[in-house]
Amino acid sequence: MFPKASSSQSSTGFSGSGALSHVYIQYPPLRCAIPEARGLFYDDGNKLLFSPTSDQVISWKTSPFSPLATPASDSVCEGPVLSIRYSIDAKVLAIQRSNYEIQFWDRETGYTFSQKCKSDSESILGFFWTDCPTCDIVFVKTSGLDLFFLDSELMSLHLVETKRFNVSWYVYTHESRLVLLASGMQCKSFTGYQLSAAGIIRLPRFEMAMAKSEANSKPVLAAEDVHVVTVYGRIYCLQVDKVAMLLNSYRFYRDAVVQQGSLPIFSSKIAVSVVDNVLLVHQVDAKVVILYDIFSDSRAPISAPLPLLLRGFPRSITASSQSSSRNAEGSEAIDLSDTEAIIYGDGWTFLVPDLICDAANGLLWKIHLDLEAISASSSEVPSVLEFLQRRKLEAHKAKQLCLAMSRTIILERRPVSMVARAIDILVISYSYSIKTGSYLKEMKAEKSSPSGVPQVNSPSTIADDSASRVDAYGKSVKHESASGVHNESMNKFSTFSGSDSGDNVTIEPLKTSSGDLYSLGGNVESKILMGAEVPSDTVQSGLQSQLLGLGNNLLNSNVTNYQESQFTSAAVSPDEIYSFVFAPVEEEMAGDSSYMVSIIIEFLRSVNSEKIKVHPNLYVLTIQLLARNERYAELGLFVINKILEPSKEVALQLLESGRQNIQTRKLGLDMLRQLSLHHDYVVLLVQDGYYLEALRYARKNKVNLIQPSLFLEAAYASNDPQHVAAVLRFFSDFIPGFKSTSDHNSYCRILTEMNSSIAA
């Protein structure tokens, strides 16, 4: 149950024009205030919010989140409520009535029964349902764990296994399927179990680090200071050390629990959220939030601490709340608006992974990232692109931002090395998304069970000790045991991928050959970014203005809302880079085109290293830029060395640009011949006046789809009757029925006239 508290010390935040934040909650919230309710409870297994009354339980679906969610209800017996959860299949409702009793209801038949502690020396701390094949529900007691099997026919529980040890308190999230049991005088000794569809894993017992106070007293760790989160499919535990003012991070492996560094905190009260695999550390007392992308190679925050913003709050209500009301109805509305505008209220409870429950006012909020603000606040463009490429919830917006940033850094003529690094990031990300099949993959619709309760996340998977995986390069990556791990060097990885939290949660063997022990993440299955460090550049006003004003973005204008919902990857294809980066930039850039050519060459180098095909239009643009500066020698080398891939479009552009350079035009003709585009080659020979050579080439290569009139007109233009006669003879001999055509009759008459005039 979430505690109710006053909100007198809370602050109010509004989305004004001058507000700056990277994280926000969107107005309106889900309103779940019920008269005579006995508090709010959250079932993370089914993603339901409960509000029990004396004779029924009201529930709201929280995924997908909607402020207009319609509540459902179940009739129950009157009694106290300490905790409440549906079974995984949503057929049974369990309510903890006291520290010694849990009551069960069959939702179909209405049958009810209770399970009580057998001994007065133990009490029930809580319970949770599981999709483990050996048990259905787990009781967490002060004496350990009781694992039960639910007999659906007899509607009774059968004890499967008991795990005995002293327990002070526990932390469990259905997202990770992991339960941590605290024990000891300071509650810093932990035993962990993961109960998933793959079975039960017991983690090694471990202790959390706690600094001593100046008085040499021993602080006691509280349950609210331990947070289990799932980021990029990896399970972490974050522990608040209030004495040292640190947030310690622990990574779970099958055979070890390893501390992976600490993050500084600036508040004694800390809350944690995860939005799109980004870790949000709420400094509640300071009323700010700090963002971390723990897949990067640094524990530095993504951006500076900023407040949590409330967006969409009606300004009219805000103004009216500052004035007195003349009637009771108006006063009640104003009071409601005031409570809805409270940020970091005392009654707030942060739910895993991205919800906020305001139990005092009966409100539920969903946390969102402001990708535009995050992008505009950093000068490290390559780092921002890496961050955006890992986003999935708003992949379409992330793609728009990547394209906008790419355009801007080219228009601002940033160093070629930095632009090349940015290009490499986009190309490698696209290559990886193609290999994994995530590029423009259709988003799966969330399914619901017949009872109206959403199905739970797919079962968590557990890596085998001897399992090997394949990374993006197709190489086998072995997962080894933990022996000697502390003597190994620690590699830092920056990657694009990572499983969605909840869909592929793993507790892996501790790796010795390729580690992510120090950094807060690192996916061996992902594509590793290689390259030198990129120096920091000052962000110019043009970059910020373009990122913050994407309403008229080119891509945005060409993608419908339906198409936007299909984006599950922010990867940018080479065709999109050409259409939305190179083509618009080329139109805006004036003067020397050498810089633009250098950027395109870096792009071609990057796509070639990933063996990705490029649209011929990009090669055409390169030819135009080189010819504009009369760099024909370089253009020739690009063609000869196959930097510009042969195609009909490239050949025609070479011919066009070759009007001022014979050698370039010859390269175009040769390319047509190499591509076996015989008809086009013949037509061009005729246009250049080489119609007799064109006839010989057509005969040799069996080019049948040619127009005799084209050759006859060229021969007539030469004013040589012998050429006209030769062409007529050629078509008469090789094209059946040509003698009966109007062209044959007309040019025979013309040939006779030409011979007559010569004879005269």
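Predicted model: local features only at pLDDT ≥ 70, side-chain atom pairs only at ≥ 80, totals over all residues.
Entry 1, terms for cavities. On a 1 Å grid over the protein atoms alone, I take a cavity to be a set of points where a 1.4 Å probe fits but cannot get out, and its lining residues have an atom within 4 Å of a point. Grid points are joined across faces, edges and corners, and a volume is the space filled by probe spheres set on the points.

Residues are numbered from 1 along each chain as its sequence is written, and side-chain values use heavy atoms, with hydrogens and water left out.

I looked for cavities of 30 Å³ or more and found four. Two or more lining residues come from each of helix H5 (395-411), helix H6 (416-436) and helix H10 (574-588). Helices here are DSSP runs of H or I with at least four residues, strands are runs of E with at least two, and both are numbered from the N terminus. Which helix gives the most to this lining? H6 does, with four residues. I sorted the lining into nine nonpolar residues, one polar and no charged. For this sorting, Ala, Val, Leu, Ile, Met, Phe, Trp, Tyr, Cys and Pro are nonpolar, Asp, Glu, Lys and Arg are charged, and the others, Gly among them, are polar.

I counted 20 helices and 34 strands. Of the 760 residues, 54% are buried. Buried means under 20% relative accessible area, exposed means over 50%, and partly exposed lies in between (1.4 Å probe, protein chains only).

I found Asn 277 in the loop between strand S25 (270-275) and strand S26 (278-283). Is Asn 277 buried or exposed? Asn 277 counts as buried because its relative accessibility is 4%. A polar atom of its side chain lies 2.8 Å from the backbone nitrogen of Tyr 232.

In H16 (residues 678-687), I listed Tyr 681, Val 682, Leu 684, Leu 685 and Val 686 as the buried residues. Their cover includes helix H14 (648-657), H15, helix H17 (691-700) and helix H18 (708-717). After H16 comes Gly 689, with a positive phi near 95°.

I placed Gln 663 in helix H15 (residues 662-674). Gln 663 is partly exposed, at 49% relative accessible area.

Most residues other than glycine have a negative phi, and most peptide bonds are trans. I found a cis bond from Tyr 27 to Pro 28, with omega near 5°. Pro 28 is in the loop between strand S2 (23-26) and strand S3 (30-31). The bond from Val 352 to Pro 353 is cis, with omega near 0°. Met 245 is not a glycine, yet has a positive phi of about 55°. Glu 630 is not a glycine either, and has a positive phi of about 55°. I found Glu 630 in the loop between helix H12 (616-628) and helix H13 (632-640). Glu 630 counts as exposed because its relative accessibility is 61%.

Terms used: 1 Å grid on protein atoms, 1.4 Å probe; cavity = no way out; pocket = protein on both sides within 12 Å on 5 of 7 lines; lining within 4 Å. Polar contact = N/O pair within 3.5 Å; in protein donor to acceptor, adjacent residues only side chain to side chain. Contact = heavy atoms within 4.5 Å.
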